[in-house]
Amino acid sequence: MGAKTRSAELLYFIKISLFCIFLLVQKGFWFYNIHYYNLPVGRILEGDNLMKKFLALLMAAMLAMALVTAGCGGNDEKQAGGEKLLRVGTEPSFAPFEMQAEGSEELTGFDMDLIRAIGKQLGYKVEISAMGFDALIPALQADNIDVALAGMSITEERKQQVIFSDPYYKSGLLVMVPKDNNDIKSIDDLKGKRIAVQIGTTGAFRAEKVEGAKVTAFNDNGSAVLEMKNGAADAVINDAPVLKYFLAQGGSEYAKTVGEVLNAEDYGIAVKKGNDKLAADINKALNELKQNGEFDKIYNKWFGEAK
(Lines give C-alpha, C1' and ligand atoms only; values in the text may rest on other atoms or scores of the structure.)
Protein backbone atom coordinates (compact mmCIF):
# COMPACT_ATOMS: atom_id res chain seq x y z
CA MET A 1 0.00 0.00 0.00
CA GLY A 2 1.35 3.42 -0.94
CA ALA A 3 1.81 6.45 1.25
CA LYS A 4 -0.93 8.46 -0.49
CA THR A 5 -3.51 5.67 -0.07
CA ARG A 6 -2.71 5.21 3.62
CA SER A 7 -2.82 8.98 4.26
CA ALA A 8 -6.21 9.27 2.54
CA GLU A 9 -7.61 6.42 4.63
CA LEU A 10 -6.31 8.00 7.83
CA LEU A 11 -7.83 11.39 6.96
CA TYR A 12 -11.17 9.75 6.17
CA PHE A 13 -11.08 7.88 9.50
CA ILE A 14 -10.43 11.08 11.46
CA LYS A 15 -13.19 12.98 9.64
CA ILE A 16 -15.76 10.26 10.36
CA SER A 17 -14.67 10.12 14.02
CA LEU A 18 -15.03 13.87 14.50
CA PHE A 19 -18.41 13.86 12.76
CA CYS A 20 -19.68 11.15 15.09
CA ILE A 21 -18.50 13.11 18.12
CA PHE A 22 -20.27 16.21 16.79
CA LEU A 23 -23.56 14.31 16.48
CA LEU A 24 -23.18 12.92 19.97
CA VAL A 25 -22.71 16.40 21.42
CA GLN A 26 -25.69 17.83 19.49
CA LYS A 27 -28.17 15.08 20.23
CA GLY A 28 -27.01 14.01 23.67
CA PHE A 29 -25.91 10.52 24.37
CA TRP A 30 -27.35 8.29 27.03
CA PHE A 31 -26.88 4.67 27.97
CA TYR A 32 -30.04 3.16 29.37
CA ASN A 33 -30.46 0.28 31.70
CA ILE A 34 -31.05 -2.84 29.73
CA HIS A 35 -32.41 -5.82 31.53
CA TYR A 36 -32.05 -9.39 30.50
CA TYR A 37 -33.78 -11.76 32.81
CA ASN A 38 -34.03 -8.73 35.15
CA LEU A 39 -30.17 -8.34 35.29
CA PRO A 40 -28.78 -4.85 34.55
CA VAL A 41 -26.00 -4.84 31.96
CA GLY A 42 -25.44 -1.10 31.58
CA ARG A 43 -25.39 2.07 33.55
CA ILE A 44 -26.99 5.41 32.90
CA LEU A 45 -24.49 8.20 32.40
CA GLU A 46 -26.07 11.14 34.07
CA GLY A 47 -25.18 14.80 34.28
CA ASP A 48 -23.31 17.15 31.99
CA ASN A 49 -19.97 16.59 33.68
CA LEU A 50 -20.19 12.83 33.26
CA MET A 51 -21.21 13.32 29.62
CA LYS A 52 -18.18 15.55 28.97
CA LYS A 53 -15.83 13.05 30.58
CA PHE A 54 -17.26 10.26 28.46
CA LEU A 55 -16.90 12.25 25.23
CA ALA A 56 -13.34 13.22 26.14
CA LEU A 57 -12.44 9.58 26.67
CA LEU A 58 -14.12 8.65 23.39
CA MET A 59 -12.17 11.31 21.48
CA ALA A 60 -8.89 10.22 23.09
CA ALA A 61 -9.54 6.61 22.13
CA MET A 62 -10.30 7.55 18.52
CA LEU A 63 -7.18 9.70 18.24
CA ALA A 64 -5.09 6.89 19.71
CA MET A 65 -6.47 4.54 17.07
CA ALA A 66 -5.61 7.09 14.39
CA LEU A 67 -2.03 7.34 15.65
CA VAL A 68 -1.67 3.56 15.65
CA THR A 69 -3.00 3.47 12.09
CA ALA A 70 -0.54 6.15 11.07
CA GLY A 71 2.30 4.20 12.68
CA CYS A 72 1.49 1.05 10.75
CA GLY A 73 3.14 0.83 7.38
CA GLY A 74 5.96 3.21 8.26
CA ASN A 75 8.15 1.31 5.82
CA ASP A 76 5.61 1.94 3.08
CA GLU A 77 6.12 5.67 3.37
CA LYS A 78 9.76 5.44 2.21
CA GLN A 79 10.35 8.95 3.49
CA ALA A 80 13.42 10.34 5.22
CA GLY A 81 12.91 13.64 7.01
CA GLY A 82 10.26 14.67 4.48
CA GLU A 83 12.44 13.65 1.50
CA LYS A 84 11.69 10.86 -0.94
CA LEU A 85 13.93 7.90 -0.14
CA LEU A 86 15.56 5.62 -2.70
CA ARG A 87 16.77 2.43 -1.00
CA VAL A 88 19.69 0.94 -2.90
CA GLY A 89 21.25 -2.48 -2.38
CA THR A 90 24.80 -3.29 -3.50
CA GLU A 91 27.66 -5.75 -2.94
CA PRO A 92 30.61 -3.52 -1.98
CA SER A 93 33.56 -5.63 -3.07
CA PHE A 94 33.31 -5.10 -6.81
CA ALA A 95 35.88 -2.38 -7.44
CA PRO A 96 35.83 -0.02 -9.19
CA PHE A 97 32.04 -0.16 -9.28
CA GLU A 98 31.28 -0.46 -5.57
CA MET A 99 33.70 -0.66 -2.66
CA GLN A 100 34.41 0.64 0.82
CA ALA A 101 36.08 4.05 0.79
CA GLU A 102 39.49 3.93 2.42
CA GLY A 103 39.32 5.13 6.01
CA SER A 104 35.56 5.63 5.83
CA GLU A 105 32.32 3.68 6.17
CA GLU A 106 31.00 5.32 3.02
CA LEU A 107 30.63 3.23 -0.12
CA THR A 108 32.27 4.60 -3.24
CA GLY A 109 32.84 3.59 -6.86
CA PHE A 110 31.39 4.20 -10.30
CA ASP A 111 27.99 2.67 -9.51
CA MET A 112 27.76 4.54 -6.22
CA ASP A 113 28.51 7.91 -7.82
CA LEU A 114 26.06 7.13 -10.60
CA ILE A 115 23.12 6.18 -8.38
CA ARG A 116 23.68 9.24 -6.19
CA ALA A 117 23.61 11.42 -9.31
CA ILE A 118 20.42 9.68 -10.48
CA GLY A 119 18.85 10.17 -7.05
CA LYS A 120 19.75 13.87 -7.09
CA GLN A 121 18.30 14.21 -10.58
CA LEU A 122 15.01 12.66 -9.40
CA GLY A 123 14.88 14.47 -6.07
CA TYR A 124 15.54 11.39 -3.92
CA LYS A 125 17.69 10.95 -0.85
CA VAL A 126 19.76 7.84 -1.60
CA GLU A 127 20.22 5.24 1.14
CA ILE A 128 22.71 2.47 0.30
CA SER A 129 22.81 -0.93 2.02
CA ALA A 130 25.51 -3.58 1.62
CA MET A 131 24.61 -7.24 1.13
CA GLY A 132 25.76 -10.35 -0.71
CA PHE A 133 25.40 -10.26 -4.48
CA ASP A 134 23.10 -13.29 -4.46
CA ALA A 135 20.84 -11.52 -1.92
CA LEU A 136 20.14 -8.48 -4.12
CA ILE A 137 17.30 -9.86 -6.26
CA PRO A 138 15.54 -11.53 -3.28
CA ALA A 139 15.80 -8.21 -1.42
CA LEU A 140 14.10 -6.46 -4.36
CA GLN A 141 11.37 -9.06 -4.51
CA ALA A 142 10.78 -8.75 -0.75
CA ASP A 143 10.53 -4.94 -1.13
CA ASN A 144 13.44 -4.44 1.25
CA ILE A 145 15.19 -2.25 -1.33
CA ASP A 146 14.00 -0.26 -4.34
CA VAL A 147 17.08 -0.61 -6.54
CA ALA A 148 19.88 -3.17 -6.97
CA LEU A 149 23.11 -1.81 -8.41
CA ALA A 150 26.26 -3.92 -8.33
CA GLY A 151 27.75 -4.31 -11.78
CA MET A 152 24.78 -6.57 -12.57
CA SER A 153 24.78 -8.01 -16.08
CA ILE A 154 21.52 -7.92 -17.98
CA THR A 155 20.68 -11.55 -18.73
CA GLU A 156 17.52 -13.26 -19.95
CA GLU A 157 17.35 -15.26 -16.72
CA ARG A 158 17.49 -12.14 -14.53
CA LYS A 159 14.98 -10.34 -16.76
CA GLN A 160 12.45 -12.96 -15.67
CA GLN A 161 12.90 -11.77 -12.08
CA VAL A 162 13.46 -8.00 -12.26
CA ILE A 163 13.10 -4.98 -14.54
CA PHE A 164 16.38 -3.58 -15.85
CA SER A 165 17.11 0.00 -16.74
CA ASP A 166 18.71 0.89 -20.03
CA PRO A 167 22.33 -0.38 -20.13
CA TYR A 168 24.83 2.00 -18.55
CA TYR A 169 28.10 0.05 -19.01
CA LYS A 170 29.36 -2.57 -21.48
CA SER A 171 31.52 -5.25 -19.91
CA GLY A 172 32.77 -8.79 -20.53
CA LEU A 173 34.68 -11.58 -18.80
CA LEU A 174 38.39 -12.18 -18.39
CA VAL A 175 40.50 -15.04 -17.05
CA MET A 176 43.18 -14.18 -14.49
CA VAL A 177 46.01 -16.53 -13.53
CA PRO A 178 49.21 -16.36 -11.42
CA LYS A 179 51.88 -14.25 -13.09
CA ASP A 180 54.31 -17.17 -13.40
CA ASN A 181 51.76 -19.47 -15.05
CA ASN A 182 52.54 -19.91 -18.75
CA ASP A 183 50.36 -22.98 -19.38
CA ILE A 184 46.99 -21.25 -19.29
CA LYS A 185 46.61 -18.89 -22.23
CA SER A 186 42.81 -18.77 -22.60
CA ILE A 187 39.62 -20.17 -21.14
CA ASP A 188 40.08 -23.27 -23.32
CA ASP A 189 43.08 -24.22 -21.17
CA LEU A 190 40.97 -24.37 -18.00
CA LYS A 191 39.57 -27.84 -18.69
CA GLY A 192 39.99 -29.92 -15.57
CA LYS A 193 41.45 -26.95 -13.66
CA ARG A 194 40.43 -25.28 -10.37
CA ILE A 195 38.55 -22.02 -10.93
CA ALA A 196 37.66 -19.46 -8.26
CA VAL A 197 34.63 -17.21 -8.90
CA GLN A 198 32.27 -14.80 -7.15
CA ILE A 199 28.83 -16.15 -6.26
CA GLY A 200 26.00 -15.22 -8.62
CA THR A 201 28.14 -13.50 -11.26
CA THR A 202 28.21 -14.27 -14.98
CA GLY A 203 31.82 -15.34 -14.42
CA ALA A 204 30.53 -18.07 -12.11
CA PHE A 205 27.96 -19.17 -14.69
CA ARG A 206 30.64 -19.29 -17.42
CA ALA A 207 33.03 -21.27 -15.21
CA GLU A 208 30.39 -23.95 -14.68
CA LYS A 209 30.47 -24.63 -18.43
CA VAL A 210 34.19 -25.43 -18.46
CA GLU A 211 34.60 -29.16 -18.96
CA GLY A 212 35.90 -31.01 -15.91
CA ALA A 213 36.65 -27.84 -13.96
CA LYS A 214 36.34 -27.69 -10.18
CA VAL A 215 34.59 -24.40 -9.47
CA THR A 216 34.70 -22.80 -6.03
CA ALA A 217 32.46 -19.78 -5.38
CA PHE A 218 33.12 -16.98 -2.88
CA ASN A 219 31.08 -14.07 -1.56
CA ASP A 220 33.42 -11.48 -3.06
CA ASN A 221 36.10 -11.13 -5.72
CA GLY A 222 38.84 -10.52 -3.14
CA SER A 223 38.32 -13.95 -1.60
CA ALA A 224 38.38 -15.60 -5.03
CA VAL A 225 41.67 -13.88 -5.86
CA LEU A 226 43.14 -14.88 -2.50
CA GLU A 227 42.26 -18.50 -3.24
CA MET A 228 44.32 -18.30 -6.42
CA LYS A 229 47.17 -16.41 -4.73
CA ASN A 230 47.40 -19.12 -2.06
CA GLY A 231 47.69 -21.79 -4.74
CA ALA A 232 44.26 -23.35 -4.08
CA ALA A 233 42.92 -22.26 -7.49
CA ASP A 234 44.49 -22.14 -10.93
CA ALA A 235 42.49 -19.19 -12.23
CA VAL A 236 39.81 -16.60 -11.52
CA ILE A 237 37.02 -15.67 -13.93
CA ASN A 238 35.28 -12.35 -13.37
CA ASP A 239 34.22 -9.15 -15.11
CA ALA A 240 36.98 -7.54 -17.18
CA PRO A 241 36.85 -4.06 -15.55
CA VAL A 242 37.00 -5.60 -12.08
CA LEU A 243 40.09 -7.68 -12.82
CA LYS A 244 41.77 -4.83 -14.71
CA TYR A 245 41.21 -2.50 -11.76
CA PHE A 246 42.56 -5.13 -9.37
CA LEU A 247 45.75 -5.48 -11.43
CA ALA A 248 46.14 -1.69 -11.65
CA GLN A 249 45.89 -1.42 -7.86
CA GLY A 250 48.88 -3.71 -7.28
CA GLY A 251 47.60 -7.15 -8.22
CA SER A 252 49.89 -7.22 -11.25
CA GLU A 253 52.77 -8.08 -8.91
CA TYR A 254 51.54 -11.67 -8.75
CA ALA A 255 48.72 -12.02 -11.32
CA LYS A 256 47.87 -11.36 -14.96
CA THR A 257 44.96 -11.76 -17.38
CA VAL A 258 45.08 -14.07 -20.37
CA GLY A 259 43.05 -14.48 -23.54
CA GLU A 260 40.42 -12.21 -25.05
CA VAL A 261 37.48 -10.56 -23.35
CA LEU A 262 34.60 -13.05 -23.33
CA ASN A 263 30.83 -12.69 -23.43
CA ALA A 264 30.43 -8.95 -24.04
CA GLU A 265 27.54 -7.90 -21.81
CA ASP A 266 25.74 -4.84 -20.51
CA TYR A 267 25.24 -3.73 -16.92
CA GLY A 268 21.83 -2.47 -15.84
CA ILE A 269 20.09 -1.08 -12.75
CA ALA A 270 17.52 -3.54 -11.41
CA VAL A 271 14.14 -2.73 -9.86
CA LYS A 272 11.29 -4.92 -8.69
CA LYS A 273 8.93 -6.43 -11.26
CA GLY A 274 5.87 -4.22 -11.53
CA ASN A 275 7.70 -1.04 -10.53
CA ASP A 276 7.60 0.29 -14.09
CA LYS A 277 7.39 3.93 -13.01
CA LEU A 278 10.64 3.81 -11.06
CA ALA A 279 12.36 2.05 -13.97
CA ALA A 280 11.12 4.74 -16.35
CA ASP A 281 12.23 7.51 -13.97
CA ILE A 282 15.71 5.99 -13.72
CA ASN A 283 16.00 5.75 -17.49
CA LYS A 284 14.91 9.38 -17.81
CA ALA A 285 17.48 10.53 -15.24
CA LEU A 286 20.20 8.38 -16.83
CA ASN A 287 19.54 9.95 -20.22
CA GLU A 288 19.56 13.45 -18.71
CA LEU A 289 22.93 12.77 -17.05
CA LYS A 290 24.34 11.67 -20.39
CA GLN A 291 22.96 14.77 -22.06
CA ASN A 292 24.29 17.25 -19.50
CA GLY A 293 27.75 15.68 -19.31
CA GLU A 294 27.53 14.46 -15.70
CA PHE A 295 27.66 10.79 -16.75
CA ASP A 296 30.92 11.38 -18.65
CA LYS A 297 32.42 13.11 -15.62
CA ILE A 298 31.65 10.11 -13.42
CA TYR A 299 32.89 7.66 -16.05
CA ASN A 300 36.12 9.58 -16.55
CA LYS A 301 36.74 9.67 -12.79
CA TRP A 302 36.81 5.87 -12.57
CA PHE A 303 37.93 4.69 -16.02
CA GLY A 304 39.99 7.58 -17.33
CA GLU A 305 38.11 8.21 -20.54
CA ALA A 306 34.72 9.54 -21.53
CA LYS A 307 32.16 6.96 -22.60
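A charge is taken to sit over a ring if NZ of Lys or CZ of Arg is within 6 Å of the ring centre and within 35 degrees of the ring normal. By this criterion the charged end of Lys290 sits over the ring of Phe295, 5.3 Å from its centre, and Lys229 lies over the face of Tyr254, at 4.5 Å from the ring centre. The model is predicted, with local features requiring pLDDT of at least 70 and side-chain atom pairs counted only at pLDDT 80 or more, whereas totals for chains, interfaces and linings use all residues. Residues are numbered from 1 along each chain as its sequence is written, and side-chain values use heavy atoms, with hydrogens and water left out.

Phe295 also belongs to an aromatic cluster that it forms with Phe94, Phe97, Phe110, Tyr168, Tyr169, Tyr267, Tyr299 and Phe303. Rings of Phe, Tyr and Trp (its six-membered ring) are paired if their centres lie within 6.5 Å, planes under 30 degrees apart counting as stacked, over 60 as edge-to-face and the rest as tilted. The structure holds 17 aromatic pairs. In one of these, the ring centres of Phe97 and Tyr169 are 5.1 Å apart and the planes stand at 80°, so the pair is edge-to-face. This pair links distant parts of the chain, 72 residues apart, with Phe97 in the loop between strand 5 (93-94) and strand 6 (98-100) and Tyr169 in strand 11 (residues 169-178); strands (E, at least two residues) are DSSP runs numbered from the N terminus. Both Phe97 and Tyr169 are buried, that is, under 20% relative accessible area (1.4 Å probe, protein chains only).

Two strands are said to pair if DSSP finds at least two bridges between them; strand 5 and strand 6 are joined by two bridges, and Ser93 stands opposite Met99 in strand 6.

Strand 11, which contains Tyr169, is mostly covered, nine of its ten residues being buried. Strand 11 pairs in the antiparallel sense with strand 15 (residues 255-267) over eight bridges and with strand 14 (residues 235-239), likewise antiparallel, over four bridges. Val175 stands opposite Val258 in strand 15, while its bridge partner in strand 14 is Ile237.

Note on methods: Buried < 20%, exposed > 50% of the residue type's maximum accessible area, 1.4 Å probe, protein only.
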